[in-house]
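Subject: Structure handover

Hello,

Here is the structure I promised to pass on to you.

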Amino acid sequence: MAVVTYSPGIDYVQGSLVKAKKKDGHRCGEYLIGTHRTAPTTNPNCTRLYIRKGETYDQSNRQLSQKETATRAMFAAVSTMVATRRKSLEHIAADKQAFDAQKDLPEGKKTMTAYLWAVCKAQYESAQG
């Protein structure tokens, strides 16, 4: 792994150093990104540079597979179910109790949103077949 040494007076570089050019619509170009880790650690190498080579691709005209279409339909349906359930007065108290009971388990969901997604996805899958 390469190590970056900066000139005196420059502690670190963070952010996009070279941005992509968008001349022909939305196309991905070359990026040079520098990151600096500020968390306490024993590793003195806190700066990293990432290079992303430019590539152009257009996905707007490609056909979706059946799996992709089904996944998008499932995501839309479960997302709507979660939003509805989150606002439903008849489910709030029961969901809060069930969430609190499972959140400290090894396989438990750590956030209420993750819990609601799991519950609503299970409902969706059972309704589908």
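What percentage of the 129 residues in the protein chain do buried residues make up? The share is 15%, where buried means under 20% relative accessible area, exposed means over 50%, and partly exposed lies in between (1.4 Å probe, protein chains only).

A word on the source before the details. This is a predicted model, in which local features need pLDDT of at least 70 and side-chain atom pairs count only at pLDDT 80 or more, while totals for chains, interfaces and linings use all residues. Residues are numbered from 1 along each chain as its sequence is written, and side-chain values use heavy atoms, with hydrogens and water left out.

**The overall layout**

The protein chain has 3 helices and 3 strands, taken as DSSP runs numbered from the N terminus (helices H or I, at least four residues; strands E, at least two). Along the sequence they follow the pattern β-β-β-α-α-α. Of the contacts in the protein chain with a separation of 6 or more, 36% are accounted for by residues 24 or more positions apart; contact here means heavy atoms within 4.5 Å.

**Helices H2 and H3**

The axes of H2 (residues 89–102) and H3 (residues 112–128) come within 10 Å and cross at roughly 105°. These axes are lines fitted to C-alpha atoms, for helices over the stretch in contact, and the angles run from 0 to 180 degrees between N-to-C directions. H2 and H3 are therefore roughly perpendicular to each other, on a scale where under 35 degrees is roughly parallel, over 145 roughly antiparallel, 65 to 115 roughly perpendicular and the rest oblique.

At their contact, H2 brings Asp95, Lys96, Ala98, Phe99 and Gln102, which meet Met112, Tyr115 and Leu116 of H3. Sorted by class, this contact has 5 nonpolar, 1 polar and 2 charged residues. In that scheme Ala, Val, Leu, Ile, Met, Phe, Trp, Tyr, Cys and Pro count as nonpolar, Asp, Glu, Lys and Arg as charged, and the others, Gly among them, as polar.

The length of H2 also checks out: its 14 residues should span 20 Å at 1.5 Å a residue, and its end C-alpha atoms are 21 Å apart, which agrees. The expected span is 1.5 Å times one less than the number of residues. Within H2, Asp95, Phe99 and Gln102 are buried, and what covers the buried residues of this helix includes H1 and H3.

**The nonpolar core**

Which residues form the largest nonpolar core? There are 8 of them: Met74, Val78, Val82, Phe99, Tyr115, Leu116, Cys120 and Tyr124. A core of this kind is a set of buried Ala, Val, Leu, Ile, Met, Phe, Trp, Tyr and Cys residues joined through side-chain atoms within 4.5 Å. H1 (66–87) and H3 are the elements that give two or more residues to this core, and H3 supplies the largest share, with 4 residues.

**Some residues to look at**

- Phe99 lies in H2 and counts as buried at 8% relative accessibility. Not counting residues up to four places away in sequence, Phe99 touches Lys109, Lys110, Thr111, Met112 and Tyr115. Phe99 and Leu116 are 17 residues apart in sequence, and their C-alpha atoms are 8.7 Å apart in space.
- Thr111 sits in the loop between H2 and H3 and is partly exposed, at 42% relative accessibility. From Thr111 to Phe99 there are 12 residues in sequence and 8.3 Å in space, C-alpha to C-alpha.
- Arg85, in H1, is buried, with a relative accessible area of 13%. Beyond residues up to four places away in sequence, Arg85 touches His91, Asp95, Leu116, Val119, Cys120 and Gln123.
- Lys121 belongs to H3 and is partly exposed at 34% relative accessibility. Lys121 touches Met74 and Val78, again not counting residues up to four places away in sequence. Lys121 and Met81 are 40 residues apart in sequence and 8.7 Å apart in space, C-alpha to C-alpha.
- Glu68 is found in H1 and is partly exposed, with a relative accessible area of 27%. Leaving aside neighbours within four places in sequence, Glu68 is in contact with Arg62 and Gln63.

Best wishes
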